[in-house]
Amino acid sequence: MDGFGGGPGGRGQGRLPDAFLRPGSSSFVEFLAEHAPDRLPGAVGAGPGGSAGTAGVGSGQGGYHHELAPHATTIVAVAFDGEAGGVVMAGDRRATAGPMIASRSIEKVFPADEYSAVGIAGAAGIGIELVKLYQLELEHYEKIEGSLLSLEGKANRLATMLRGNLPMAMQGLTVVPLFAGYDLERGEGRIFSYDPTGGCYEEREHHAVGSGSLFARGAMKKLWRRDLDAAGAVAVAVEALYDAADDDSATGGPDTVRRIFPVVATVTADGYSRLPGDDVAAVAERIAAERRERGSLA
Amino acid sequence: MNMPFYVSPEQLMKDRADFARKGIARGRSVVVLAYDGGIAFATENPSRALHKISEIYDRIGFAAVGKYNEFENLRVAGVRYADLRGYTYDRSDVTARGLANAYAQILGTVFITESKPLEVELVVAEVGRTAEDDQIYRLTYDGTVADEHGHVVMGGQAEQLGRKVGEGWRADMTLGEALRLAVTVLGSSDSGTPRTIEPGQLEVAVLERSRPRRAFRRLTKQTLTELLAQEQGAEPGTGDPGEPGGVAAPQAVPAAPEQAEKEDQTEKDEQAEKGQGAEGTEPAGGTEPAGDAGSAEDTGPQGGSPQD
């Protein structure tokens, strides 16, 4: 037992600032805004409520930013009832910077916590940073309070965080997340969509966001059925992404050469689980085979 | 003209130390000990919501004795410290050593400068990749840090109980053996005849080495009953999160262990970092701090503040 008074010297960082010991909320974002606002995503040296100084400038220059920053594209979510309810979320793997493909293997669907998933479309860098902070926000709450937030609570929390990105959205660096989770109280999968200003809307049955969302929504309207089970919902999600990739240049289809397939995750009472790559490949190949057989031009 | 009484620094420090020690000794002890699959924390705590043992970060656990409001404040500070550090740098840059240093600074400064020292004693433990990498730090009210190996007891009669743990502890104990030792020792804290502590009266958590990300897990009453009842040698499933018969997940997350394992196999890299598995924490209902806890507990001289 080698005691050393006051801890070892070395890179002494002194005492923790008082903010750490102040009784306050269980929100990590609020703590960050108070203690280290410069580390918030998209912060231009602005604290909470402070104007970023650049808001509203160049709101018409979206095109420019599309070339500057990689953009993530299509995310779909499909709710299912089956014997155990839940929700499937899937995202393609492409990120674009203007007409260029910035990444073929980006991942845009993440676990938000054990019982929810979040996918992002729009400015990839800001979106991924936002997701990272959001995951931490939920985990932080869970550790401090010792209990999970309700599903609406999680959805609203994401809306608040998105609102913080409004100055960046005004400059064309929009992030549009899609949130889906398993509601432990109701025992069903639920989907929430957002607009860039932080509006939060609950969706029924299925939803899609991103550049290919129009085509994906069209596909899901035709494919979704009330009696879908988990596997059926996965097939609907993958096929909707296939349709989106078919007609939207910014959405990547299944890449059989490099073996890159969409990220597909299911959230049920058992929690978040990502489908193994081989399983997704099998679904994607089956869909491609069916379409080949149909011989349609579409 | 009134001159203040002169009090020598030695006397002042001694008085403060005595005050803090008295406050801490009133609380029930916490036993922290390493077993073959990680680090176990155990204490007698009838409350389901007011924890003395908690999760700080992926591989770091926290245990405390003393005044609830004071160590709860330190716990929250630790969670903030760890989360901020992990967010600023990387999850792997959050270490028990850094956290112990931060706590030591707080405790040391309060001991010297404030009118009253913090009546708490803490353990910060981190489970490493191998047993050699495990770290257990014990922090006392004056900011002293001790790097412990294998086991530590704090709280009332810490020395006496620590000796007992030291006699019975081996590095390769299974979880069941380690917990039986811990509970026996906790039960012998009153100087009279040894008591048997019911599993419902125990708060037990482990940092499990084999978990992919968040290693902290509370043991439910049922799991605990099974583990404590087992005879030596028969030990199904401990340290293996995938085996249903052994250490079950917290009740609220029924399929979590299999879940975590499956994910670990299928996508090892990014996903593992991205925030899998909330299985580490058991939803424990609302944890409104201090206030209502105090009234139920026996009261110290601070008038109604909880003492363990």
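1. Helix H4 of chain B covers residues 158–168, and three of its residues, Ala158(B), Leu161(B) and Val165(B), are buried. When one looks down the axis of H4(B), these buried residues fall within an arc of 75°, so they line one face of the helix. Glu159(B) and Glu167(B), on the other side of H4(B), are exposed. The model under discussion is a predicted one.

2. What covers the buried residues of H4(B)? The cover includes strand E1 (30–35), strand E8 (151–154) and helix H5 (175–187), which belong to chain B.

3. Attention now turns to chain A, where helix H5 comprises the 13 residues 151–163. At 1.5 Å a residue, H5(A) should span 18 Å; the C-alpha atoms at its ends are 19 Å apart, which agrees with that expectation.

4. Which residues of H5(A) are buried? They are Leu151(A), Lys154(A), Ala155(A), Arg157(A), Leu158(A), Met161(A) and Leu162(A). Viewed down the helix axis, the buried residues of H5(A) fall within an arc of 160°, so they line one face of this helix.

5. H5(A) packs with helix H4 of chain A, which runs over residues 124–145; the angle is about 135° and the axes are 11 Å apart. The two helices are therefore oblique to each other, since an angle over 145 degrees would be needed to count as roughly antiparallel. H4(A) passes H5(A) in a right-handed crossing.

6. The residues that meet between these two helices may be located in the structure. From H4(A) they are Leu130(A), Leu133(A), Tyr134(A), Glu137(A) and Leu138(A), and from H5(A) they are Lys154(A), Arg157(A), Leu158(A) and Met161(A). Lys154(A), Arg157(A), Leu158(A) and Met161(A) are also among the buried residues of H5(A).

7. Thr174(A) lies in the loop between helix H6 (166–170) and strand E9 (175–183) of chain A. Is this residue buried or exposed? Thr174(A) counts as buried because it has 22 C-beta neighbours inside 10 Å, and 20 or more are required for that class. Leaving aside neighbours within four places in sequence, Thr174(A) is in contact with Gly122(A), Ala123(A), Ala169(A) and Pro196(A).

8. Ala235(A) is placed in helix H8 (residues 230–247) of chain A. It counts as buried because 21 C-beta neighbours lie inside 10 Å. The C-alpha atoms of Ala235(A) and Val88(A) are separated by 9.7 Å, while 147 residues separate the two along the chain.

9. Two loop residues of chain A deserve a check of their backbone angles. Most residues other than glycine have a negative phi. Glu205(A), however, has a positive phi of about 70° although it is not a glycine. Glu205(A) is in the loop between strand E11 (200–203) and strand E12 (206–209) of chain A. With 15 C-beta neighbours inside 10 Å, Glu205(A) counts as partly exposed.

10. Where does Arg259(A) lie? Arg259(A) is in the loop between H8 and strand E13 (263–268) of chain A. Its phi is near 55°, a positive value in a residue other than glycine. Arg259(A) is exposed because 10 other C-beta atoms lie within 10 Å, and a residue with 12 or fewer is placed in that class.

Note on methods. Residues are numbered from 1 along each chain as its sequence is written. Chains are lettered from A and ligands numbered from 1 in the order in which they are written. This is a predicted model: local features need pLDDT of at least 70, side-chain atom pairs count only at pLDDT 80 or more; totals for chains, interfaces and linings use all residues. Helices (H or I, at least four residues) and strands (E, at least two) are DSSP runs, numbered from the N terminus. The expected span of a helix is 1.5 Å times one less than its number of residues. The arc is that of the directions from the helix axis to the C-beta atoms. Axes are lines fitted to C-alpha atoms, for helices over the stretch in contact, and angles run from 0 to 180 degrees between N-to-C directions. Angles under 35 degrees count as roughly parallel, over 145 as roughly antiparallel, 65 to 115 as roughly perpendicular and the rest as oblique. A crossing is left-handed if the near helix is turned anticlockwise from the far one by less than a right angle, and right-handed if clockwise. Two residues are in contact if their C-beta atoms, placed from the backbone, lie within 7 Å.
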